[in-house]
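Me: I would like to go through the labels attached to this model and see what each one rests on. Please set each value against its cut-off.

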Amino acid sequence: MADDETFPVVGTRFAILPIWIMELGPSQAMVYASLATFANADHKCWPKMESIALRAHVSTRTARAAIRALEEAGAIETLIRRRADGGN
């Protein structure tokens, strides 16, 4: 996720978001909050898209679009991880 200045306060089931994240739109804010609740102390997380969508109360298609918008806004960084056999 983004640097400490923009990263939300993370709790077990809550996240405090910066105003500018909420101004991106409701889906983006909900997906960002969802990611924040999955994040570890290093601000990293690896949830399935379905898990993000479920927690954010959006479809997986909307979750993917929100993640792209969050990346473009500089709010998050995504890395594609591959298994040793080439799968993801």
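**Labels and their grounds**

Reply: By the ring-pairing rule, the count of aromatic pairs comes to 0. The model is a predicted one.

Me: Why is Ser34 called buried?

Reply: Its relative accessible area is 2%. Buried means under 20%, so Ser34 qualifies. Ser34 sits in helix α2, which spans residues 26–38. Leaving out residues up to four places away in sequence, Ser34 touches Ser51, Ile52, Arg55 and Ala56.

Me: What makes the pair of Ser34 and Ile52 a polar contact?

Reply: A polar atom of the Ser34 side chain lies 3.3 Å from the backbone oxygen of Ile52. The limit is 3.5 Å, so the distance falls within it.

Me: Why does Gln28 count as buried?

Reply: Gln28 has 17% relative accessibility. The threshold is under 20%, so Gln28 is buried by this rule. Gln28 also belongs to helix α2. Beyond four places in sequence, Gln28 touches Ala66, Ala69 and Leu70.

Me: Which residues touch the most other members of the largest nonpolar core?

Reply: They are Val31, Tyr32, Leu70 and Ile76, in a core of 18 residues. Helices α2, α3 (49–56) and α4 (60–72) each supply at least two residues of this core. The most come from α2, which gives 5 residues. In soluble globular proteins, nonpolar side chains tend to be buried together.

Me: What does Leu70 contact, leaving aside neighbours within four places in sequence?

Reply: Leu70 is in contact with Ile21, Leu24, Gln28, Val31, Tyr32, Ala75 and Ile76.

Me: How many helices and strands does the chain have, and in what order do the elements run?

Reply: There are 4 helices and 2 strands. From the N terminus on, the order is β-β-α-α-α-α.

Me: What share of the chain is buried?

Reply: Buried residues make up 35% of the 88 residues. The chain exposes about 5,900 Å², and carbon and sulfur atoms supply 53% of that area.

Methods. Residues are numbered from 1 along each chain as its sequence is written. This is a predicted model: local features need pLDDT of at least 70, side-chain atom pairs count only at pLDDT 80 or more; totals for chains, interfaces and linings use all residues. Side-chain values use heavy atoms; hydrogens and water are left out. Buried means under 20% relative accessible area, exposed over 50%, partly exposed in between (1.4 Å probe, protein chains only). A polar contact is a pair of N or O atoms within 3.5 Å; within protein, one must be able to donate a hydrogen and the other to accept it, and residues adjacent in sequence count only if both atoms are side-chain atoms. Contact means heavy atoms within 4.5 Å. Rings of Phe, Tyr and Trp (its six-membered ring) pair if their centres lie within 6.5 Å; planes under 30 degrees apart count as stacked, over 60 as edge-to-face and the rest as tilted. A nonpolar core is a set of buried Ala, Val, Leu, Ile, Met, Phe, Trp, Tyr and Cys residues joined through side-chain atoms within 4.5 Å. Accessible areas come from the Shrake-Rupley method with a 1.4 Å probe; for residues, only the protein chains shown count as cover.
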